[in-house]
Amino acid sequence: MTPVTILLILFVAALVLFSTELISVDVTALGLLSALLLLGLLKPKDAFAGFGSDTVLTLASLFILTRVLLRAGVIEWIGATLARQVRKPAAMLQAMLGAVAGVSAFTSNTATTAVFLPVVSAVSRRAGIPASRALMPLAFASILGGTVTLIGTTTNLVVSGALPATGEKPLGFFELAWVGIPTALVGLLYLFFVAPRLLPTRDVQLEETLRAYLADLTVAAGSPLIGQSLRQTNLGRDHGLTVVAVRRGAETVYAPGADFRVQEGDTLAVEGPTERILAGKNLLGVVSRSEQKLQAETGEVGGHIRLVEAVVMPGGPLIGRTLSEGRFRERYGCSVLALHRRNRTTERLGRLRIQVGDVLLIQGSADRVENLNEHLAVLGDLTEKQSDLKKAPAALLLFIGAVVLGATGVLPLSVAVVVAVALCLILRLITPEEAYGSIEWPVIVLVACMLAFGTAFEQTGAAKVLTGGLSHLLAPLGPTGILAALFLVTVALTQPMSNQAAALVMLPLAIGTAKTLGYDPRPFVIGITIAASNSFITPLEPSCMLVYGPGRYSFMDFVRVGTGLTIVTFIISMLVIPVVWPFHH
């Protein structure tokens, strides 16, 4: 067989495996790269060049910078601030979706969806809207925002990084905005006014699926809660926290009324999900005394501290005692931030006697957490859910600086983000371990391997053969018809396979077809990028999977709502792309 035939067979095999995911996409890509090397279709130098490309370094750096923003609580702060500013619940939900689209233009849409998930759930509850009618729009809004900038989704970056090998210029930072902004705006209108008529009504609140913890939080100097009544604090409405008791000096007030006024030094016994308690510590000016005492005694702060959930097992020395009586901090060198008990209680955390089955939210140094004995079984590590608003200004400044320098061309984007990551590590905004852990390695492997496949596609002549046949088939449609066909095929491919894989499969075909027929490849590149980034019809997109369970959606719910949004995206793309990027030079 000729090299072209072999490569086309490999191409079809990869396409099938990408679509069915019998093997994970990164393993499929590695297998494809191995086949190219073993069959002599690609030299090692060309095969491994993708792993050291600007695209891979930029992707890895952006994964880290997004984690820095999350750990600093920047995105969380944006959601909480918006929730406080907008008072009409229905308008607040719409404003929240707009904010999600805006934030997602510069960060991972998956991370944005994860952070806004509990906030949007709370807002929908306040507005009297079932969670099932708010969570899917949240995921879709994050996807829409990703089409506005080069760094909005990994797909945009992957396409941009693959273009130089085909002789085309990389995408500009805001180049996609010409079609991304109108698509996002019209898409949001669709989510505001059309989607609610198509979405199911299943009144399931996210909080039902989360473990409710009891925590003691002390009101510190400068807290915005000081002098306000519990009604005015909106702890339940805006922050998802219920105050079950308040300790003031030697007195404890159980089930305080809505008119109870908070004073500095009060210790609030609050109940709520882990995320809400951790967010409250950052946004409300409240502190955990046990955490402060531990840090004062050990000096352990920042990246050295781990946060885990541990269940109390039978036979332990804590059972029947309060945390103080059981000398928890002295015994384990850790602090307990909160406690979950199946049977809810109005008692403060400090006065609760530990029972078998209680789940403790424990904070401590890594070595101390690892040495928790058999009477405390660790359920999971929640360290990544912690955030520290003190780091927010530095984190935001570095991120914005990298974006501005990269977008204006003062520095190449790859250089700007790598320098930003280095500064984040130097300033200890993130630990090296967290930085490496934040990189989505399957995406990195997929991109690097598929860049190598693109090189083989060109070198063997397979691109000419395939695009020649495709050109003959599509030529009668004219440029607009070809753009529409390539867009729809990409949309179809991106439903079962990853967005990046779909884009990388279609890109050389589109560029080759355009060149063969004498058209400028740019409009077709833009069309494929937009089509690959907008995956609405199935819940297989990571952002959609995050809301699939909490919203109790069915597969057909996504088909029903997502098809309309896909049509909107298609129409706007077909109207805008030929105007901004003409088919002829």
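1. The largest nonpolar core has 141 residues, of which Leu138, Phe140, Leu191 and Phe524 touch the most other members. Helix α20 gives the most to this core, with 13 residues. A nonpolar core is here a set of buried Ala, Val, Leu, Ile, Met, Phe, Trp, Tyr and Cys residues joined through side-chain atoms within 4.5 Å. Buried stands for under 20% relative accessible area, exposed for over 50%, and partly exposed for what lies in between, with a 1.4 Å probe and protein chains only. A second, separate core of 25 residues includes Leu217, Leu230, Val262 and Val270.

2. On the basis of the values: this is a predicted model, in which local features need pLDDT of at least 70 and side-chain atom pairs count only at pLDDT 80 or more, while totals for chains, interfaces and linings use all residues. Residues are numbered from 1 along each chain as its sequence is written, and side-chain values use heavy atoms, with hydrogens and water left out.

3. Leu138 belongs to the largest nonpolar core. With its neighbours within four places in sequence left aside, Leu138 is in contact (heavy atoms within 4.5 Å) with Leu97, Val100, Thr113, Phe116, Leu117, Val120 and Val547. Leu138 is also one of the buried residues of helix α8. That helix, residues 135-145, is mostly covered, with 11 of its 11 residues buried. Helices (H or I, at least four residues) and strands (E, at least two) are DSSP runs, numbered from the N terminus.

4. How do helices α1 and α20 pack? Helix α1 (residues 3-20) and helix α20 (residues 441-459) meet at an angle of about 155°, and their axes are 11 Å apart. This makes α1 roughly antiparallel to α20. The crossing of the two is left-handed. From α1, the contact draws on Leu7, Leu8, Phe11 and Phe18; from α20, it draws on Leu446, Met450, Phe453, Ala456 and Phe457. By class, this contact of α1 with α20 has nine nonpolar, no polar and no charged residues.

5. Several terms in the previous point need their conventions. Axes are lines fitted to C-alpha atoms, for helices over the stretch in contact, and angles run from 0 to 180 degrees between N-to-C directions. Angles under 35 degrees count as roughly parallel, over 145 as roughly antiparallel, 65 to 115 as roughly perpendicular and the rest as oblique. A crossing is left-handed if the near helix is turned anticlockwise from the far one by less than a right angle, and right-handed if clockwise. Ala, Val, Leu, Ile, Met, Phe, Trp, Tyr, Cys and Pro count as nonpolar, Asp, Glu, Lys and Arg as charged, and the others, Gly among them, as polar.

6. A further helix pair is α10 with helix α26 (residues 555-580): their axes come within 9 Å and cross at roughly 155°. This makes α10 roughly antiparallel to α26, and α10 passes α26 in a right-handed crossing. Residues of α10 in the contact include Trp178, Thr183 and Leu191, while those of α26 include Arg560, Thr569 and Ile572. The residues of the contact of α10 with α26 divide into 15 nonpolar, five polar and one charged.

7. Thr183 is found in helix α10 (residues 177-198). Is Thr183 buried or exposed? Thr183 is buried, with a relative accessible area of 1%. Not counting residues up to four places away in sequence, Thr183 touches Leu144, Thr569 and Ile572.

8. Ser543, in helix α25 (residues 542-548), is buried with a relative accessible area of 0%. Apart from residues up to four places away in sequence, Ser543 touches Asn109, Thr110, Thr113, Ala139, Ser142 and Ile143. Among these, Ala139, Ser142 and Ile143 are listed with the buried residues of α8.

9. Val103 has its place in helix α6 (residues 89-104) and is buried, at 13% relative accessible area. The C-alpha atoms of Val103 and Gly145 are separated by 7.4 Å, although the two are 42 residues apart along the chain. Leaving aside neighbours within four places in sequence, Val103 is in contact with Ile75, Ile78, Thr112 and Phe116.

10. Most residues other than glycine have a negative phi. Asn234 has a positive phi of about 55° although it is not a glycine; Asn234 is found in the loop between α11 (230-233) and α12 (235-239) and counts as buried at 16% relative accessibility. Ala255, also not a glycine, has a positive phi of about 50°. Ala255 lies in the loop between β3 (251-254) and β4 (267-273) and counts as exposed at 57% relative accessibility.
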